[in-house]
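Please keep the sequence and the coordinates in view while reading.

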Amino acid sequence: MFEHEMEESRKNRVEISDLDQEVMQEMLAYIYTGKAPNLKKMADSLLSAADKYALDRLKVMCEEALCANLNIENVSDTLVLADLHSATQLKAMCIDFINNYAPEVKDTQGWSTLVSRHAHLVAEAFKALALAETTLLRKRRRLSSGGSSNSTLQSS
């Protein structure tokens with residue numbers, strides 16, 4: 001960038017206009033120290049920056065912080081964020097959380113927004129719930145039929 005005839009080379013400056021100054025400072029602190037002191041309070045914004053600038057370890061740290069702070073009010077928005085930034089672990093945790101607390105989550109504004117604007121995520125959550133229920137039913141059937149699905153061989 002600085003070696004070619006680009007504006008950054010002429011000005012000896014790189015302008016990054018799509019990040020807040022606080023997020024940029026936190027990201028640079030991470031790059032230089034390996035630590036993000038304000039991670040808990042800006043994990044969502046840092047996740048976006050980490051994804052954009054391919055800072056994979058920071059992205060994982062953000063996912064972990066967001067997972068630790070999931071609640072009924074923020075889980076729907078966090079699911080959208082996870083999907084947008086291909087944060088697979090965070091997305092899985094959000095879907096599990098939604099399925100575990102479905103009656104409470106469905107009454108939130110975030111859920112209403114999710115249903116109206118991100119139907120594919122609602123479908124993924126429902127698919128995960130259906131799979132979990134099917135697995136549970138199979139286990140119950142196995143237990144009620146004697147605990148084993150293997151046939152017993154009888155000697156002649």
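In this predicted model, 29% of the 156 residues of the protein chain count as buried. The accessible surface of the chain amounts to about 11200 Å², and carbon and sulfur atoms hold 51% of that area.

The secondary structure consists of nine helices and zero strands, so that the pattern read along the sequence is α-α-α-α-α-α-α-α-α. Among contacts in the protein chain with a separation of 6 or more, 48% are made by residues 24 or more positions apart.

The interior may be considered next. In soluble globular proteins, nonpolar side chains tend to be buried together. Here the largest nonpolar core comprises 36 residues, and the members that touch the most others are Met27, Leu39, Leu46, Leu58 and Leu90. At least two residues of this core come from each of α2 (21–33), α3 (39–52), α4 (56–68), α5 (75–84), α6 (88–100), α8 (109–117) and α9 (119–144). The greatest contribution is that of α3, with seven residues.

Which residues does Leu46 contact, leaving aside its neighbours within four places in sequence? They are Val23, Glu26, Met27, Ala36, Leu39, Leu58 and Cys62. Of these, Met27, Leu39 and Leu58 are also named, together with Leu46, among the core members that touch the most others.

When residues up to four places away in sequence are not counted, Ala65 touches Leu39 and Ala43. Ala43 lies 22 residues from Ala65 along the chain, yet the C-alpha atoms of the two are separated by 6.5 Å.

The last topic is aromatic pairing. A pair of aromatic rings is described by the distance of the centres and the angle of the planes. A search of the whole structure finds one aromatic pair, formed by Phe97 and Tyr101. Why is this pair tilted? The ring centres of Phe97 and Tyr101 are 4.7 Å apart and their planes meet at 35 degrees; because planes under 30 degrees apart count as stacked and those over 60 as edge-to-face, this angle belongs to the tilted class. The two partners are also described by their accessibility: Phe97 counts as buried at 16%, whereas Tyr101, with a relative accessible area of 37%, is partly exposed.

Definitions and conventions:
Residues numbered from 1 in each chain as written. Predicted model: local features only at pLDDT ≥ 70, side-chain atom pairs only at ≥ 80, totals over all residues. Heavy atoms only, no water. Core = buried A, V, L, I, M, F, W, Y, C linked by side-chain atoms within 4.5 Å. Buried < 20%, exposed > 50% of the residue type's maximum accessible area, 1.4 Å probe, protein only. Helix = DSSP H or I, 4+ residues; strand = E, 2+ residues; numbered from the N terminus. Contact = heavy atoms within 4.5 Å. Areas by Shrake-Rupley, 256 points an atom, 1.4 Å probe, with all protein chains shown as cover. Phe/Tyr/Trp six-rings, centres within 6.5 Å; stacked < 30°, edge-to-face > 60°.
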